[in-house]
Amino acid sequence: MEPERWRYTLPLRLRSLFRRRQADSDLDDELRDHIDRKTEDFVASGFEREEARRQALLELGGVERRKEECRDTRRVTWLRDLEQDLRYGLRMLRKSPGFTAVAVLTLALGIGANSVIFSVVNAVLLRPLAFRDSGRLCLVMESLPSFPELGPSYENYQDFRDQSKSFEGVAAEHPQSVTMTGQGDPERLLGQFVSASLFPLLGVDTIEGHTFTRDEDRFGGPAVVLLSYGFWQRNFGGERSIVGKNVTIDDRSYTVTGVLPRGFEVVSPADVYLPFAPWAHALPDDRNWHPGINAIGRLRGGVTIEQARAEMSTIAERLDKQYPIYDTGMGAVVVGLQDRLVQNVRPALLVLLVAVALVLLIACGNIANLLLARAASRTREIAVRVALGAGRWRMVRQLLTESVLLAFAGAVFGLLLARLALTPLLDLAGQTIPPVGGGIGLDGKVLGFTLVVALLVGILFGLAPALQMAKVDIRPALSDASRGTTGGAHRHRLRNILVVTEVALAIVLLIGAGLLMRSFSRLQDVQPGFQPSNLLVVDLPLSPKVYAQPAQRMGFFDQLLERARNLPGVTSAGGALILPVTGSGSAIHFNIQGRPPKTPHDYILVGYRPVTPGYLRTLRVPLLEGRLFNDSDTERSAYVAVVNEAMAKQYFPRESALGKHVQLGALPDNQIPWMEIVGIVGDMKQSLASEAPSEMYVPYRQADSLIPIFTMSLVMRTAKDPHQEVSALRNAVRSLSSNQPLVKVRTMEENIATSVSDSHFRTLLLGIFAASALLLALIGLYGLIAYSVAQRSAEIGVRMALGAQPNDILKMVVGQGLKLVLIGVAAGLAGAFVLSRLLTQFLYGVAPSDPATFAGVALILTVVAGVACWIPARRATRVDPIIALRYE
Amino acid sequence: MSKPPDLVQGTLDMLLLKILALGPMNGFAVSQRLTQVSRDVLQVSDGSLYPALHKLEQEGWITAEWKTSELGRRAKYYSLTRLGRRQLEREADNWSRLSNAISRVIKRKEA
């Protein structure tokens with residue numbers, strides 16, 4: 001019946017909304033036509049034409065006034081209905097504050113969680129990077145047989161840049177920490193070497209001063225620096241006059257040429273930007289030297305990324321032929337810049353988004369159930385209104401308005417919760433969420449998303465109850481006998497389906513969370529290959545200018561280690577270039593004496609580890625064969641190396657590695673010293689989730705003579721809590737050099753925890769969501785059983801009067817609930833079996849269909865669900881048959 | 001929304017539907033017919049007619065189309081929709097029930 005009405009009314013409404021002018025001129029015509037006819041009428045009955053027209057106007061009572069009234073009717077009908085619905089809805093919600101509070105709170109949690117996760121998804125995955133036409137920006141990388149993707153060497157970057165035609169331009173960037181002095185305490189800053197071409201390529205300009213010119217980006221050019229907005233604000237109070245002034249970076253004076261706009265960030269965050277060419281000039285002339293250059297290209301208009309890939313592959317092949325020793329097996333990789341930046345976080349975010357959506361669905365199920373329960377008590381109210389002439393459609397609309405109103409109230413509180421939760425969430429996420437220009441917050445898009453979600457959710461949980469209520473049969477509903485029997489089987493079935501679904505969804509989430517938790521605990525149980533407790537760690541980057549001479553820096557490290565070892569609470573100390581379990585490393589080519597490589601990629605050492613003599617002892621790495629380093633292993637003595645078990649097995653599978661000689665560099669070269677393998681130690685993990693790679697340890701002093709080393713991570717084993725030694729450590733460093741920054745003082749255990757923070761973050765979050773899902777499903781189940789007990793109190797009374805024991809009643813009620821739970825569990829297990837595959841990449845040591853997790857979750861849920869049924873069931877056994885029957 | 005001061009809203013709606021049930025007609029014709037039917041007992045001014053017609057149109061009870069009038073101008077012709085016919089039946093029912101009830105009350109008083 002209603003759709004037919006729309007046929008007439010919808011075009012009218014649309015017209016008065018969007019074609020107001022047309023509607024008004026129609027109205028003019030209509031009234032003029034009336035006046036003309038009336039005038040003719042009066043003329044016919046003998047009036048003068050003037051007088052006739054005056055009379056006609058008079059009878060109409062003022063054209064403008066009538067027009068206004070007609071316009072009113074246009075506006076009014078639908079606005080009036082809406083206003084009425086809203087007013088009525090508000091009144092109904094106010095009338096049952098308990099229901100409203102529970103519903104709004106449930107929805108606020110569900111919607112708020114969605115808003116928070118969406119705000120991250122929006123900022124990280126949906127929002128384009130803050131560069132001009134950022135969709136056309138790509139990363140250009142090399143691929144080698146042993147490394148499918150890595151930043152190009154400097155020479156290859158230059159050839160890619162100069163030979164490609166697919167790109168408007170290719171620019172380069174290399175992140176490297178630097179030290180700023182002369183502004184209070186020495187400060188370690190995130191630096192980036194960037195080519196002058198980068199800023200025009202990205203379409204970014206400074207807000208003060210100017211970006212690098214070509215003349216500034218060359219070897220021997222002026223020492224210049226650009227500041228990030230955040231650093232400028234933080235360290236220079238946003239003072240404009242900083243441009244043109246000098247700052248000291250790595251003991252060299254740099255002139256500030258400009259300040260970059262707020263939020264500017266390319267690939268990784270940075271405080272200061274330095275010209276690329278002077279840095280690149282210091283690189284060895286080696287196409288196999290991959291220092292970590294990010295080459296960023298902008299696709300030329302009309303060129304697709306596939307075309308660019310094809311072209312770059314051709315160039316790579318050509319370089320491969322041209323430089324056979326260096327670029328053997330080389331290829332090129334082109335990926336979208338944004339795709340690459342978010343590739344690690346995308347799957348986890350999508351999983352979390354699905355998880356919060358499921359939580360919201362469960363919340364909807366609960367509210368729908370509450371509404372259905374309320375429907376019983378509102379049957380009479382609805383019946384009265386229908387009897388008084390309200391159309392059924394009008395009733396559905398009224399009820400939907402109520403539920404959408406609830407959803408919006410939930411959304412408002414949800415946004416408040418989201419606002420409160422976002423900051424702690426981002427703190428928790430730390431490095432898990434990649435840096436995005438513009439930051440993460442509740443912006444217009446998130447607001448819009450929340451409102452749309454609220455509207456959909458309101459309709460979703462309100463529709464079934466509304467349709468059900470509008471179907472109410474007036475006569476029985478209005479007669480007194482109806483009490484307690486309303487709704488009937490259909491309504492019960494609907495409520496049962498809702499609860500079964502909730503249980504199933506909760507199972508899916510719980511299993512997801514369970515799998516991640518088991519993975520995480522497996523990860524925590526991984527033995528890193530050394531004793532991580534009671535170790536204090538600090539990074540000490542030296543100034544390349546002050547410590548230009550090897551004797552200077554090695555002397556500093558020796559003195560420092562000496563002082564550290566002699567601190568009262570310290571039992572031993574050592575230093576390494578790269579610590580274990582950091583996920584990072586520096587791969588390097590090597591070769592074995594007497595076994596020259598067939599191709600340059602035969603021997604790749606994943607872990608090249610310069611360490612001081614005390615390091616392996618301090619970590620308590622087990623020595624398997626041979627010896628560890630001594631203080632006598634210096635640049636003046638014979639070159640030695642210690643390898644780990646993995647390396648010994650990989651390269652010397654059927655013989656002892658002891659006594660073999662190895663050399664850095666892909667091809668044998670008599671200029672480079674041969675190192676004798678003097679010891680074999682146990683494997684240390686470089687990442688908890690993967691097997692230890694091949695590693696070779698080299699004495700610090702010998703390593704420095706091969707490749708200069710300007711930084712060291714100092715490790716001290718302490719007798720008690722390592723945190724107690726922090727100030728002693730600081731003093732020890734200060735006493736040697738007041739300009740020496742201490743970077744990231746932490747314990748080894750904290751260091752390891754950082755390496756699994758991604759896993760921790762998603763596990764914790766999914767755990768929270770799964771727990772909420774469980775709680776909501778239990779509340780839903782409890783509500784259903786409690787309600788059904790209340791409804792059936794008369795029946796239960798009869799049963800008891802006929803001799804049923806409390807135990808029988810208990811069994812009956814709990815049985816009714818458990819039946820639903822078991823159906824839900826079965827459905828949930830099936831769903832989880834399919835969906836848990838999505839988690840595969842996050843799992844460690846646990847299969848996606850891990851039987852223990854599945855069985856455990858099913859069991860736990862069934863037990864707690866049993867309790868949720870048992871509470872109202874026990875109340876049922878207390879039904880007094882006499883009271884229950886009296887009401888019949 | 002302003003109410004016609006001279007006639008109960010519902011009654012005017014019913015009268016207009018009733019008139020249009022005879023066939024499509026122009027606003028002016030409706031006003032003439034209205035005067036005729038009510039035999040000047042019910043005072044319906046031209047002023048309250050048009051807002052009332054527009055309201056019925058918004059409810060979907062009557063629909064309008066534009067034709068060229070015999071005066072050669074654009075004129076709006078209203079006709080009853082199926083919904084309008086049903087509404088008319090309902091209102092007529094209500095009306096007769098109400099007037100029956102009223103007359104019964106009056107008779108009882110007389111008795």
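This is a predicted model: local features need pLDDT of at least 70, side-chain atom pairs count only at pLDDT 80 or more; totals for chains, interfaces and linings use all residues.
View 1. When residues up to four places away in sequence are not counted, A:G439 touches A:A123 and A:G263.

**View 2. The crossing of helices α13 and α14 of chain A.** Helix α13 covers residues 392-429 and helix α14 covers residues 444-470, and their axes come within 7 Å and cross at roughly 145 degrees. The crossing of α13(A) and α14(A) is right-handed. Sorted by class, the residues in the contact of α13(A) with α14(A) are 22 nonpolar, six polar and two charged.

**View 3. The largest nonpolar core and a second, separate one.** The largest nonpolar core has 112 residues, and those that touch the most other members are A:V503, A:A506, A:I507, A:L509, A:L510, A:A773 and A:L781. Helix α12 of chain A, residues 346-387, gives the most to this core, with 21 residues. For A:V503, leaving aside neighbours within four places in sequence, the contacts include A:A777, A:L781, A:V821 and A:V825, together with the glycines A:G824 and A:G828.

**View 4. The side of chain A that touches chain B.** The contact between the chains takes 24 residues from chain A and 25 residues from chain B. On the side of chain A, the elements that give two or more residues are α1 (2-18), α2 (20-44), α3 (49-60) and α4 (63-95). The residues on this side divide into six nonpolar, five polar and 13 charged.

View 5. Chain A has 27 helices and 22 strands. Its radius of gyration is 38 Å, well over the 29 Å that the globule rule gives for 888 residues, so chain A is more spread out than a compact globule. Along the principal axes, the C-alpha atoms of chain A fill a box of roughly 125 × 95 × 55 Å. Of the 888 residues, 42% count as buried, and among the contacts in chain A with a separation of 6 or more, 82% are between residues 24 or more positions apart.

Key
Residues are numbered from 1 along each chain as its sequence is written. Chains are lettered from A and ligands numbered from 1 in the order in which they are written. Axes are lines fitted to C-alpha atoms, for helices over the stretch in contact, and angles run from 0 to 180 degrees between N-to-C directions. Helices (H or I, at least four residues) and strands (E, at least two) are DSSP runs, numbered from the N terminus. A crossing is left-handed if the near helix is turned anticlockwise from the far one by less than a right angle, and right-handed if clockwise. Ala, Val, Leu, Ile, Met, Phe, Trp, Tyr, Cys and Pro count as nonpolar, Asp, Glu, Lys and Arg as charged, and the others, Gly among them, as polar. The radius of gyration is taken over C-alpha atoms; the globule rule is 2.2 Å times the number of residues to the power 0.38. A residue is buried if 20 or more other C-beta atoms lie within 10 Å of its own, exposed if 12 or fewer, and partly exposed in between; C-beta atoms are placed from the backbone. Two residues are in contact if their C-beta atoms, placed from the backbone, lie within 7 Å. A nonpolar core is a set of buried Ala, Val, Leu, Ile, Met, Phe, Trp, Tyr and Cys residues joined through C-beta atoms within 7 Å.
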